[in-house]
There are 2 protein chains.
Amino acid sequence: MEGIKDRVAIIGMGCTKFGERWDVDGLDLLVEACYEAYEDAGIGPNDIQAAWLGTVGSFSTGQPLAQALKLNYIPITRVENACATATDAFRNACYAVAAGIYDIALAAGVEKLKDSGFTGLALARPPSTEVEPAVPPPAQFAFAATRYFHHYGIPYEEGKRILAQIAVKNHHNGALHPKAHLRREITVEQALKAPMIAWPLGLFDCCGVSDGAAAAIITRPDIARSMGRDHILVKGLGVAVGGMQGLLLDDYDFVHFPENLAAAQRAYEESGIRNPRQEIDLAEVHDCFTITELIIYEDLGFSPRGKAREDVEAGSFTVGEGDLPVNPDGGLKCFGHPIGASGLRMIYEVYNQLLGRAGPRQLKKADIGITHNLGGRPGSFTASVAVFGRPS
Amino acid sequence: MEGIKDRVAIIGMGCTKFGERWDVDGLDLLVEACYEAYEDAGIGPNDIQAAWLGTVGSFSTGQPLAQALKLNYIPITRVENACATATDAFRNACYAVAAGIYDIALAAGVEKLKDSGFTGLALARPPSTEVEPAVPPPAQFAFAATRYFHHYGIPYEEGKRILAQIAVKNHHNGALHPKAHLRREITVEQALKAPMIAWPLGLFDCCGVSDGAAAAIITRPDIARSMGRDHILVKGLGVAVGGMQGLLLDDYDFVHFPENLAAAQRAYEESGIRNPRQEIDLAEVHDCFTITELIIYEDLGFSPRGKAREDVEAGSFTVGEGDLPVNPDGGLKCFGHPIGASGLRMIYEVYNQLLGRAGPRQLKKADIGITHNLGGRPGSFTASVAVFGRPS
């Protein structure tokens with residue numbers, strides 16, 4: 001098998017303002033994101049030969065994208081894959097373009113979460129043999145936090161402070177992004193004093209619930225060059241799905257997530273990345289909870305096992321201070337997590353950073369960036385890792 | 001752009017018994033279909049490098065396939081695209097294999113419809129801006145029947161008799177298939193006297209509601225040859241999605257479905273098919289209602305506009321009599337329509353016919369076969385056409 005490296009280029013992207021978008025519906029959000037992407041790519045709707053729509057509960061087929069964008073009679077595939085939905089829609093689009101089936105394709109992701117109540121989609125699932133977890137996500141990741149603290153002998157107060165520093169970092173970054181939902185800085189003190197959600201995770205350890213959409217227009221690099229468009233290249237794509245039901249397994253350790261390792265392994269192999277900490281300039285990772293981001297640092301090879309807290313305290317992942325800024329746009333913490341949109345929202349930040357268009361958030365060095373998603377439940381996660389680079 | 005022609009081979013397929021499968025759940029159905037496919041391909045679970053799961057309402061992510069088959073940490077994408085769900089899952093798998101990303105991939109589709117009540121999934125959808133149609137599918141296609149009769153000046157009794165002949169044909173074929181749900185012949189008289197469902201469509205003009213699963217294992221043709229496996233080749237894949245809301249449009253004609261034309265055009269172009277009636281040996285088409293099959297004959301180029309009834313009366317699509325047998329396995333009429341499985345169930349029949357394994361249903365000439373799906377609503381259908389051939 002061969003990898004995806006340098007076979008697909010992103011020539012345009014769009015992203016809506018994320019937040020409580022009571023003013024619009026899911027179709028409006030798709031129009032907002034996709035028309036920004038069209039303009040950025042210098043193309044129009046008639047140039048799109050095929051599309052992929054990522055959404056978890058807002059729509060069931062590819063048809064709403066056709067309706068929103070007035071795309072008649074092209075192929076549109078709808079992909080749903082837990083919190084990796086948008087990235088997997090993007091990934092499938094990449095394979096079709098890499099195979100030469102289409103020259104220009106669109107990958108879009110959208111979710112309206114506010115309309116379906118504070119819990120988002122969890123209670124709106126159709127009946128199936130997938131029983132809703134008795135242990136909802138904050139509690140699942142609270143298990144990870146307590147276990148991580150126990151496993152590495154971290155006292156509660158110290159653990160809480162490490163997690164708070166991650167929240168403070170992401171809120172600082174998000175405050176600078178005009179499209180973020182929660183645009184305000186917080187202090188460690190505020191995070192520590194916030195109401196408890198699932199012990200030891202407090203309010204600021206949890207991401208928000210938001211509406212949003214994002215979109216990417218992709219083509220082959222030779223076409224991107226002939227069009228004369230600024231673009232970035234896809235370097236690696238990895239997805240891994242776990243088949244166990246982790247909460248039921250006595251030996252599930254909750255201090256690492258094997259799906260992250262498998263997805264990263266594939267994406268790094270395709271990209272030729274051997275030393276992630278040295279070679280990656282920025283990462284957008286799935287900070288659904290602060291403890292998730294902490295564990296991700298280790299799963300993705302940014303920090304040795306058990307040592308991520310030292311990197312947090314050293315500011316290694318902080319914009320301006322560290323060598324590997326993580327979530328420079330504010331992450332799920334500030335954008336919330338409109339599930340079908342999040343992966344493409346992350347790619348949007350990497351795209352802008354690599355092209356030098358990130359404004360007040362622009363990093364000095366941004367040659368290689370990655371995105372990461374993790375969804376589902378412990379033992380049966382879906383993880384995705386995507387690596388992007390600038391054309392040489 | 002280049003097509004998919006001869007770049008992907010199917011080396012194994014499986015299909016469950018379709019019907020009222022109260023004895024098993026969706027995971028069991030996946031095991032049943034996929035293990036038949038493994039055995040047929042001469043491989044085991046560890047050979048699968050990536051998978052695609054098509055399902056409409058039975059599951060929401062790719063994870064249940066990992067759980068059912070104990071596939072740990074490979075990529076699994078879940079695709080949903082109305083009645084073309086299974087075919088679109090298969091199509092995305094084909095693009096990844098054609099791009100060289102994976103050597104061996106699995107596409108599986110499943111649906112448990114009986115568990116969710118007689119109407120299947122319609123009432124189990126999560127809340128969204130997609131309002132459930134006030135006009136349910138039987139009534140939507142009843143519009144097509146009444147309009148078709150009117151447009152071509154066909155008296156009611158004559159029209160009903162044409163539709164009945166399609167049902168009789170499919171029931172005859174299905175009676176010979178051990179995996180069909182409704183295995184019995186019917187007469188034209190029975191069809192004409194059956195209870196009305198949505199005038200002029202009676203009970204035997206409508207497909208059944210069933211549980212089932214089907215699966216395909218694909219690879220590149222060079223690998224299939226080196227493995228020494230019997231296989232068929234993918235010749236063309238077309239999908240087309242309509243962006244209108246047809247029932248709201250005054251000028252929607254209901255005597256052709258443009259999504260069918262666009263999907264067939266792409267699939268025929270990729271395959272090099274110029275005269276479908278002459279070049280295609282068998283077709284599995286989406287006979288959700290008998291009138292749908294009648295219109296499909298014209299949309300796919302089997303019959304000139306308005307002339308499909310003459311071909312029906314001449315037996316052109318009947319096994320043993322006609323030059324282009326349609327639905328030799330009994331179609332949706334006899335298999336029912338477990339939505340996420342149907343497209344792969346159709347491919348299963350084409351696969352077995354092309355390999356000469358169709359037993360009592362075996363056609364004398366079976367070199368080129370196609371499958372077709374049509375789902376959604378008039379004006380906003382998703383149509384798929386897939387073309388398969390034997391290696392030369």
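Biologist: Where is B:L163 placed?
Modeller: B:L163 sits in helix α5 (residues 156–174) of chain B. Helices are DSSP runs of H or I with at least four residues, strands are runs of E with at least two, and both are numbered from the N terminus. This is a predicted model, where local features need pLDDT of at least 70, side-chain atom pairs count only at pLDDT 80 or more, and totals for chains, interfaces and linings use all residues. Residues are numbered from 1 along each chain as its sequence is written, with chains lettered from A and ligands numbered from 1 in the order in which they are written.

Biologist: Is B:L163 buried or exposed?
Modeller: B:L163 is buried, because 28 other C-beta atoms lie within 10 Å. The cut-offs are 20 or more such atoms within 10 Å for buried, 12 or fewer for exposed, and partly exposed in between, with C-beta atoms placed from the backbone.

Biologist: And what does B:L163 touch?
Modeller: Leaving out residues up to four places away in sequence, B:L163 touches B:D205, B:T290, B:I291 and B:L294. Contact means that the C-beta atoms, placed from the backbone, lie within 7 Å. B:D205 is 42 residues from B:L163 along the chain, and their C-alpha atoms are separated by 6.9 Å.

Biologist: Other topic. Which residues of chain B have a positive phi without being glycine?
Modeller: B:K70, at about 55°, and B:F254, at about 60°, are among them. Most residues other than glycine have a negative phi, and most peptide bonds are trans.

Biologist: Where are B:K70 and B:F254?
Modeller: B:K70 is in the loop between α2 (63–69) and β3 (76–80) of chain B, and B:K70 is exposed, with 11 other C-beta atoms within 10 Å. B:F254 lies in the loop between β8 (232–241) and α8 (258–271) of chain B; B:F254 is buried, with 22 other C-beta atoms within 10 Å.

Biologist: Which peptide bond is cis in chain A?
Modeller: The one from A:W199 to A:P200, with omega near 10°. A:P200 is in the loop between β5 (196–198) and β6 (201–202) of chain A. In chain B, a cis bond joins B:W199 and B:P200, with omega about 5°.

Biologist: How can chain B be laid on chain A?
Modeller: By a turn of 180° and a shift of 0.0 Å along the axis, with an RMSD of 0.0 Å. That is the relation of a two-fold axis. The superposition is by least squares on C-alpha atoms of residues with pLDDT of at least 70 in both copies.

Terms used: Two residues are in contact if their C-beta atoms, placed from the backbone, lie within 7 Å.
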